Structure formats: C-alpha cells, structure tokens
Amino acid sequence: MSAPPVSGPPPAAPAPRHTGRTIGRTLAAALLVFVTVLLVLFVVFNTQTVGISLVFTDIEAPLVVALLVAALLGGLVVALASLLRRARRHR
C-alpha cells in the first residue's frame with residue numbers, strides 16, 4: 001500500500017539571501033547618519049566668525065559656512081574617487 005498523493009502546490013524554494021550586501025548597506029547607512037549627526041552638532045556649537053585664506057584673497061565667514069563647504073567638498077571628492085574606481089574596474 002502506498003500513501004495517498006498529497007494535494008496542493010509543491011513547497012516553494014527558499015528566497016536567496018543577500019545578507020552580506022544587506023549588512024553592508026545597513027552599516028553604510030548607520031555610518032552616514034552618525035557622521036551627519038556629528039557634523040550638525042559640530043556646526044551648532046561653532047557659530048563664531050573665522051578668517052578664511054583663499055588663494056588670492058582672505059575672507060571672513062561664519063564657521064558654519066566654512067564647515068558645510070568643507071563637508072560638501074569632501075563628499076564631492078569621495079564621489080569622484082568612487083566614480084573613477086568604478087570606471088577602472090569596468091574596463
């Protein structure tokens with residue numbers, strides 16, 4: 001005697017797991033939030049005016065502006081380096 005056939009759909013295959021990628025993205029997002037909070041706190045506590053020496057002139061600006069410009073330029077450098085690295089890897 002054989003067992004009666006089981007009706008219903010066959011068991012579904014488990015979904016592929018990308019834990020390495022997910023963990024990396026989660027860590028990157030957490031690091032971004034942490035650095036952003038630190039930057040905001042640093043900007044809030046440093047509101048005095050400072051002298052900034054440029055190539056051809058000197059200017060007076062709030063430290064907040066200097067810090068934000070430096071952060072934006074740093075982010076731009078990182079983004080450009082990432083694009084260059086990706087382009088080299090693609091070749």
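View 1. Along the sequence, the pattern reads α-β-β-α. Helices (H or I, at least four residues) and strands (E, at least two) are DSSP runs, numbered from the N terminus. This is a predicted model: local features need pLDDT of at least 70, side-chain atom pairs count only at pLDDT 80 or more, and totals for chains, interfaces and linings use all residues. Residues are numbered from 1 along each chain as its sequence is written, and side-chain values use heavy atoms, without hydrogens and water.

**View 2. The chain exposes about 8,500 Å².** Carbon and sulfur atoms supply 71% of that area. Areas come from the Shrake-Rupley method with a 1.4 Å probe; for residues, only the protein chains shown count as cover. Of the 91 residues, 5% are buried (under 20% relative accessible area; exposed is over 50%, partly exposed in between).

**View 3. The largest pocket holds about 190 Å³ of space.** Its lining is Leu32, Val35, Thr36, Leu39, Leu68, Ala71 and Leu72. Helix H1 (19-45) and helix H2 (63-90) each give two or more of these residues. H1 gives the most, with four. Six lining residues are nonpolar, one is polar and none is charged. A pocket is an open set of points on a 1 Å grid where a 1.4 Å probe fits, with protein on both sides within 12 Å along at least five of seven lines; lining residues have an atom within 4 Å of a point.

**View 4. Val33, Val37, Val40, Leu41, Val44 and Phe45 make a nonpolar surface patch of about 580 Å².** Val44 lies in helix H1. Patch residues have over 30% relative accessible area and no salt bridge, and nonpolar side chains are joined within 5 Å.

**View 5. Val64 sits in helix H2.** Val64 counts as partly exposed because its relative accessibility is 23%. Val64 and Phe45 are 19 residues apart in sequence and 9.1 Å apart in space, C-alpha to C-alpha.

Methods. Grid points are joined across faces, edges and corners, and a volume is the space filled by probe spheres set on the points. Ala, Val, Leu, Ile, Met, Phe, Trp, Tyr, Cys and Pro count as nonpolar, Asp, Glu, Lys and Arg as charged, and the others, Gly among them, as polar. Patches are made of residues with over 30% relative accessible area and no salt bridge: like charges are joined within 9 Å, nonpolar side chains (Val, Leu, Ile, Met, Phe, Trp, Tyr) within 5 Å. A salt bridge is a side-chain nitrogen of Lys or Arg within 4 Å of a carboxyl oxygen of Asp or Glu. Buried means under 20% relative accessible area, exposed over 50%, partly exposed in between (1.4 Å probe, protein chains only).
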